[in-house]
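Here is my note on the model.

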Amino acid sequence: MKSAASGPRLRRSAKEGLRCRLARTAACERTPIAWAATAATFPRQAEPHLQPASHFSDAHVRRACRRRRGCRESAARRCGTLFRMSATITEDPGATVVRSVCPHNCPDTCSMLTTVKAGRAVEVRGNPDHPTTRGFLCAKVSRYLERTYHAGRVLHPMRRVGAKGEGLFEPISWKEALDEIARRFKEIIAEWGAQAILPYSFSGTLGLLHGSSMDRRFFHKLGASLLDRTICGSAGMAGMAYSLGSSMGMDTECFEGARTILLWGTNTLTSNPHLWPFVTAARKRGARVIAIDPRRTRTTEQCDEHIALLPGTDAALALGMMHVIFRHGLGDEDYMDRYCVGRTELEARAAEYPPERVAAICGIPAASVEALAVEYATCKPAAIRLNFGMQRHAGGGMAVRAISCLPAVTGAWRSASGGVQLWTYETFPVNHAALQRFELIPPGTRTLNMVELGRILTEVTDPPVKALFVYNSNPASVAPDLERVKAGLRREDLFTVVHEQFHTDTANFADLLLPATTQLEHVDMHIGYGHLYAMWNTAAIAPLGEAVPNTDLFRRLAAHMGFSDPCFQDSDESMARQALQSEHPWLAGITLERVQAEGAVRLNVPTPFAPYAEGGFSTPSGKCEFFSAKMARDGHDPLPAWTPPRESSASSPELFARYPLALISPPGHYFLNSTFSNVLARFEKGPHLEIHPIDAAARSIINGQRVRIRNDRGAFLADAVVTERARPGVVVAPSLWLSALTPDGRNVNHTTSQAVTDMGGGATFYDNLVEVEGAS
C-alpha cells in the first residue's frame, strides 16, 4: 500500500540485522539541535542526594540475581513454572519465617520473607525464589519494619477534641466509635438519604481483600454514593482499551528477550525496580534502552539514550514515529492487514505529524524523532514500558492510545518480547463481582469522581456530602487543588471518619480516627500489576494495639447497621476463594489452598505469553483499532491525535504569560505518594524544586534558596535545586510531603487542578503552569 505521507521509501532489507545497524548508526549520529536530548549531553553534577541509590545500581541487581535460585534460566523457560515456597521456614529454633506480600501501589507486588522472633517481626527481605522479586526489595519496603513499629502508629480509636485540622484527639473504645458511626450514619440517611455518605479510598493497599471486598459490600448495601476511583491510571487504561480492547499487554519476564526497549514516562529504578533485571539481561544480549522522560532521573542516567520531551507531548512523538515508519515503509503491512482496522486513516493522520512539527511540539531535535522511529521499527523485538505519570495531563488517555498503536504498526506483537506494557492487572480474570457484590447497589445511585473531592465537598448539593469515610488514602495530601479540599474538610457539618495507620494530613481532620493494621498484621490475596502471579500474604504478627484490618472493620460496621445479608459473615479466606471462582481457563486449578501452599502461582497463560501475536484483541472488531467507531460514539476523535496540555503556551497563551513554567511532581525515591514520607523523610533532601540554570538565572534564584511556587489555585514553599536534571521551561517537585514536614504546611497539590483527562476521568497533576520566585 502506498504511503500517504510524502518522502522517499527506504528499501526493505531482507535481513533484520542490517536494518538494526542502520538505525543504531542513525541514533549515534543524531544532532542535538534543540535542547539537550541525548544521554551524552547531560553532564553529571555534584548532587549527592540525587545520584542513583546503591539499592538499584546494575551491580546490586546483578548480585541479587546471582543470589536468586536458578537465575541463569531464561524468562521463556521460566514461564509457567511453579515456584514452591513453604508458608513458614524455620531458620533457627527461635525464629519463624513467613511469606508476606508488599501491598503498595507499585507494579512489582514483591514477595517478602518476614522473620519473626517471640511474636515480633525482626527482618523483612525479598524472596529469592520469586520470579520477579529475585531476592531484593526497594529502598522503601526494605525498611518496612520501621513503618510497622513506628512510634507514630495510630493504635487506639480516638475522637477529635480540637478544631478540624489541628489533630487533637482523645482515646475512646471501639464500641463507642462504632456506636457513634452507626448513629450518625442513620441520622444522615434519615435527613439527607444514604447518598449523602461518601467512601473515599484508593491504593493504600492493593490487596483484593483489604482494598476492595467487605468495604465495597458495606457501602453498596448502605446505598452510599459510589466513588469513581480514577486518580492514578484510569486515563491510560481507557485509551489503551480503545486500541486493544483492554489494558492487557506484555509479560514482564519477556522483556529480557527484547532488542529495543523504550522506557516511556517511567522512572523504572524508583517506581518499577524489579523490571530492571530483565532490562539488564536484554542489554547483555545487545539491546539498546531508550528513556523518554521530561526529567533526567536515576533511570535515564542508566539508559543508552534519553529523549527529554516536554510534558504532555507524548502523543505527538508517537504520531511522529508513525509518520516516519509509514514514509519509509517500515511497518508490518501483513500484521496491519490481518489484525488491524483503520490503517489507511491512521497513515493519513500520521502524515500530519512530520518530524519537524513534532520537534517543535516536543522540544527535541527532529533527528531524534526520525532515528527513534527507524530504530524502534527495525530493531526487533521492540518493547515499550509505559507508566502512569505520562497520562496525567488533558490528553493523557489519547497519549496512551497513540503509543499503544505502535506495536501493531510494526508487528511487534508477533513476539512475546515485543509490544507494550501499561500494567498486567487486567490479565487476571478475578471475580470482582463476587468480591464486591454489585447487586447490593440501589438503582440510580450517583457516582462521584475522587479527583474532584474539593468541588464535591464545597459545591455538590443534591444531596450534599454529609459524611466522609476515608480509608486506604490520604486525600488531604494527595488530592488535587488542596486549598478547596481542605476548605471542605473543615466544614463543621461534615462527619469525617478516617481509618489509618498514622496521623496523616487527612487524619488531622477526622471526627473519629480508627487504628488500621499494616500488611504484617493481616492476611490478604494479591495479584500483581507488573507480573502474572497470584500471591497470598500470611499474617506475620498479631495486630498492634487495637488496630483492626479493613475487612474486620466493615464486618463490625455492618453488624452495627443491622445488615443481616450472609455476605457480611464471609471470612477473609472465604472471600479469597470467591475471588478465584472463575470459568476462565487462565484461573483453572488456581485455588486459595494452592496459592497458600505454593506461594506464587502463575496464571495459566501460554508460554511464552504473546497475547496478540495472531490478533485476538478484545475490541468490538476483534482487531487493533487504529480507527475506533466506539470512540466516535463516545464523543472522541476516532483516530490517535495529540491533545495539548490544558495549561500550555499552545492552549492557554494568556495563562502561560503569567505562569510560564510547567510543574511536574513525580514521587520521591523513598516515597510512594505520601506513604513512607513520615518514616523515610530523612533519606530525601526535604521539600525542594529542581529548576534549570537558565530559568533560575532569569529569576535571580540561586541553589539552596527558599522559593515560592504559585499559580491562581495556591502556592507552596520549597528549596531550589538549580540543576540540568530539569529541562528549561519545566520545574520538578519530587513528592509528596506531609504538611508537618514542609516549610509552610503546603505541598505541590496546592497548585494542581481538579480538571480531568480527556477520557477515563483521570487526574491532571502534570498539567500545571506555575511561576517561581524567591520567598523572601
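1. α12 passes α17 in a left-handed crossing, meaning that the near helix is turned anticlockwise from the far one by less than a right angle (clockwise would be right-handed). The axes of α12 and helix α17 (residues 396-410) come within 8 Å and cross at roughly 25°. That makes α12 roughly parallel to α17, the label for angles under 35 degrees; over 145 counts as roughly antiparallel, 65 to 115 as roughly perpendicular and the rest as oblique. Axes are lines fitted to C-alpha atoms, for helices over the stretch in contact, and angles run from 0 to 180 degrees between N-to-C directions. Helices (H or I, at least four residues) and strands (E, at least two) are DSSP runs, numbered from the N terminus.

2. This is a predicted model, in which local features need pLDDT of at least 70 and side-chain atom pairs count only at pLDDT 80 or more, while totals for chains, interfaces and linings use all residues. Residues are numbered from 1 along each chain as its sequence is written, and side-chain values use heavy atoms, with hydrogens and water left out.

3. Which residues of α12 meet α17? They are Asp 314, Ala 315, Ala 318, Met 321, Met 322, Ile 325 and Phe 326, and their partners in α17 include Ala 402, Leu 406 and Val 409. Contact here means heavy atoms within 4.5 Å. Ala, Val, Leu, Ile, Met, Phe, Trp, Tyr, Cys and Pro count as nonpolar, Asp, Glu, Lys and Arg as charged, and the others, Gly among them, as polar.

4. Helix α12 (residues 314-327) also packs with helix α14 (residues 343-350), at an angle of about 110° and with the axes 8 Å apart. The two helices are therefore roughly perpendicular to each other. Leu 319, Met 322, His 323 and Phe 326 of α12 make this contact with Arg 343, Leu 346, Glu 347, Arg 349 and Ala 350 of α14. By class, the residues of the contact are five nonpolar, one polar and three charged.

5. Helix α5 (residues 174-192) packs with helix α22 (residues 550-560) at about 55°, their axes being 10 Å apart. That makes α5 oblique to α22. The crossing of α5 and α22 is right-handed. Among the residues in contact are Trp 174 and Lys 186 of α5 and Arg 556 and His 560 of α22.

6. The largest pocket has a volume of about 800 Å³. Its lining holds 33 residues, with Phe 202, Arg 216, Arg 229, Trp 423 and Tyr 425 nearest its centre. The lining divides into 14 nonpolar, 15 polar and four charged residues. At least two lining residues come from each of α6 (208-212), β8 (226-228), α8 (234-244) and α18 (432-436). A pocket is an open set of points on a 1 Å grid over the protein atoms alone, where a 1.4 Å probe fits, with protein on both sides within 12 Å along at least five of seven lines; lining residues have an atom within 4 Å of a point. Grid points are joined across faces, edges and corners, and a volume is the space filled by probe spheres set on the points.

7. A cis peptide bond joins Lys 380 and Pro 381, with omega about 0°. Pro 381 is in the loop between α16 (366-378) and β13 (382-386). The peptide bond from Ser 735 to Leu 736 is cis as well, with omega near 0°.
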